[in-house]
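Please keep the sequence and the model in view while working through the points.

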Amino acid sequence: MSLCESILQIVEEESIRQSFRKVSEVHLAIGALAGVELEALKFSFDVVVQHSLAAGAVLHIEIVPAIGHCPVCGQKVVMESRYDACSRCGEYGLQLESGNDMRITHLEVQ
Ligand SMILES: [Zn+2]
């Protein structure tokens, strides 16, 4: 299942739970290291939702910084890439704690 199809599935499940019939805005928080191609996501979103309750919905994307935990000094640091060294002690082996996933933060519904 593509990313957009899983977004749509979540939206459809929410529409049943909260009983709305139309979605005008979808707000996403995407981790900086989630590996999501934003342009591809925006393009396929429009295609995937075109015959759904989210047809024509505007996609808002917020990029969330990736945070890693350093097993050596115990510090939490912002990671620019998966293989960053700890910005505090310089050791490698940071454990990615957040910023590698994607979630829906808000739905504007009618
Ligand atoms: Zn460290």
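Predicted model: local features only at pLDDT ≥ 70, side-chain atom pairs only at ≥ 80, totals over all residues.

1. Which residues supply the protein donors of the zinc ion? They are Cys-70, Cys-73, Cys-86 and Cys-89, each through its SG atom, and these donors lie 2.3 Å from the ion. Along the sequence, the donor residues follow the spacing C-x2-C-x12-C-x2-C.

2. The site links distant parts of the chain, as the pair Cys-70 and Cys-86 shows. Cys-70 is in the loop between strand E3 (66–69) and strand E4 (76–79), whereas Cys-86 is in the loop between E4 and strand E5 (95–98). The two residues are 16 residues apart.

3. Why is the arrangement around the zinc ion called tetrahedral? The four donor atoms subtend angles of 106 to 115 degrees at the ion, and the arrangement is therefore tetrahedral, since the rule for four donors asks that all angles lie between 85 and 135 degrees. For comparison, the ideal angle for four tetrahedral donors is 109.5 degrees.

4. Cys-89, at 33% relative accessibility, counts as partly exposed. Cys-70 is buried, as is Cys-86.

5. A reader who sees several cysteines might look for disulfides. By the distance rule applied to cysteine sulfur atoms, within 2.5 Å, the count comes to zero disulfides.

6. Two residues of helix H1 (residues 3–18) complete the note. Glu-14 is placed in this helix, and its relative accessibility of 18% means that Glu-14 counts as buried. Its side chain makes a polar contact of 3.0 Å with the side chain of Arg-17.

7. Ser-15 is also found in helix H1. With 11% relative accessibility, Ser-15 counts as buried. A polar atom of the Ser-15 side chain lies 2.7 Å from the backbone oxygen of Glu-12.

Note on methods: Residues numbered from 1 in each chain as written. Heavy atoms only, no water. Donors = N, O, S within 2.8 Å, 3.2 Å for Na, K, Ca; no water. Tetrahedral: all angles 85-135°; square planar, octahedral: opposite > 155°, others 65-115°. Helix = DSSP H or I, 4+ residues; strand = E, 2+ residues; numbered from the N terminus. Buried < 20%, exposed > 50% of the residue type's maximum accessible area, 1.4 Å probe, protein only. Polar contact = N/O pair within 3.5 Å; in protein donor to acceptor, adjacent residues only side chain to side chain.
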